[in-house]
Amino acid sequence: MTSADASGQGILLPRLTDPPNIDTLYSLLNSIISKTVLTFASASARNATLTSPVEGQMAWLQDTNVLTQYTGSAWVNILPGGVWTAYTPTWTATTTSPSPGAGSITGKYIEYGQEVHAMIQVVLGAGFSMGSGIWRWSLPTAMTGTWVGGTLSLSRPVGQDLSGVLMSGATSTTVQAIAPGGAGNWVNTTIPTPANGDTLTLYAAYHKA
């Protein structure tokens, strides 16, 4: 097998004059398989098998239905269509951290390569407190620098809804918001008197570190 493939992938092609050799055939098949889209049950199964991946190698993950590619330093998701992953955000403030009381704080995110989309929902319940200072929410992964785009909305069963613009927090792992009209950072005093059942919804998009 002395003829390389025309596509320049380094795969040797058999010739009619080649003598039978099972080891050579094995090497040929193995080199072809390594350049296809491989299938694994999960990222951990992929990493356990491909201990020395090469740049450009691709693998499909069955548990999340995501196509991944090795960049030379890390595996990244390259095909939309994966599933959202749940995470538990923290809700803090610069002076006193707020609390949803009997309500809830939930989050989920999805990654497309180095791009991350995250959603956070805070439902206020009995015994909630607004804290004091600038509100901040934690992201599922750190971002490159401290730049993030997105929105924050307050929906309520009765009364006025409210929306704001999401911005980066003081670190690469948190976000905060600007009050309507851009009048400074969103602090608890800029929000109409809250009530049980009010829901804060955040959407953030950023480049993963």
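Colleague: What is the chain's secondary structure in helices and strands?
Modeller: Some ground rules come along with that: this is a predicted model, so local features need pLDDT of at least 70 and side-chain atom pairs count only at pLDDT 80 or more, while totals for chains, interfaces and linings use all residues. Residues are numbered from 1 along each chain as its sequence is written, and side-chain values use heavy atoms, with hydrogens and water left out. Helices (H or I, at least four residues) and strands (E, at least two) are DSSP runs, numbered from the N terminus. The chain comes to two helices and 15 strands.

Colleague: Which kind of aromatic pair do Tyr-87 and Tyr-109 form?
Modeller: Rings of Phe, Tyr and Trp (its six-membered ring) pair if their centres lie within 6.5 Å; planes under 30 degrees apart are stacked, over 60 edge-to-face and the rest tilted. The count by this rule is five aromatic pairs. For Tyr-87 and Tyr-109, the centres are 5.9 Å apart with 80° between the planes, so the pair is edge-to-face.

Colleague: How many residues apart are Tyr-87 and Tyr-109?
Modeller: Tyr-87 is in strand 7 (residues 85-87) and Tyr-109 in strand 9 (residues 104-112). This pair links distant parts of the chain, with a separation of 22 residues.

Colleague: Why is the pair of Trp-91 and Trp-135 called edge-to-face?
Modeller: Trp-91 lies in strand 8 (residues 91-93) and Trp-135 in strand 11 (residues 135-138), so the pair ties together parts 44 residues apart in sequence. Trp-91, Trp-135 and Trp-137 also form one aromatic cluster. As for the label, the ring centres of Trp-91 and Trp-135 are 5.0 Å apart, and it is edge-to-face because the planes are at 85°.

Colleague: Which residues have the most contacts inside the largest nonpolar core?
Modeller: A nonpolar core is a set of buried Ala, Val, Leu, Ile, Met, Phe, Trp, Tyr and Cys residues joined through side-chain atoms within 4.5 Å. The largest one has 24 residues.

Colleague: How far apart in space are Val-122 and Leu-202, C-alpha to C-alpha?
Modeller: Val-122 is found in strand 10 and is buried at 0% relative accessibility. With contact meaning heavy atoms within 4.5 Å, and neighbours within four places in sequence left aside, Val-122 touches Trp-91, Trp-137 and Leu-200, among others. Val-122 and Leu-202 are 80 residues apart in sequence, and their C-alpha distance is 8.6 Å.

Colleague: Where does the charged end of Lys-108 sit?
Modeller: A charge sits over a ring if NZ of Lys or CZ of Arg is within 6 Å of the ring centre and within 35 degrees of the ring normal. For Lys-108, the distance to the ring centre is 5.2 Å, and the ring belongs to Trp-84.

Note on methods
Buried < 20%, exposed > 50% of the residue type's maximum accessible area, 1.4 Å probe, protein only.
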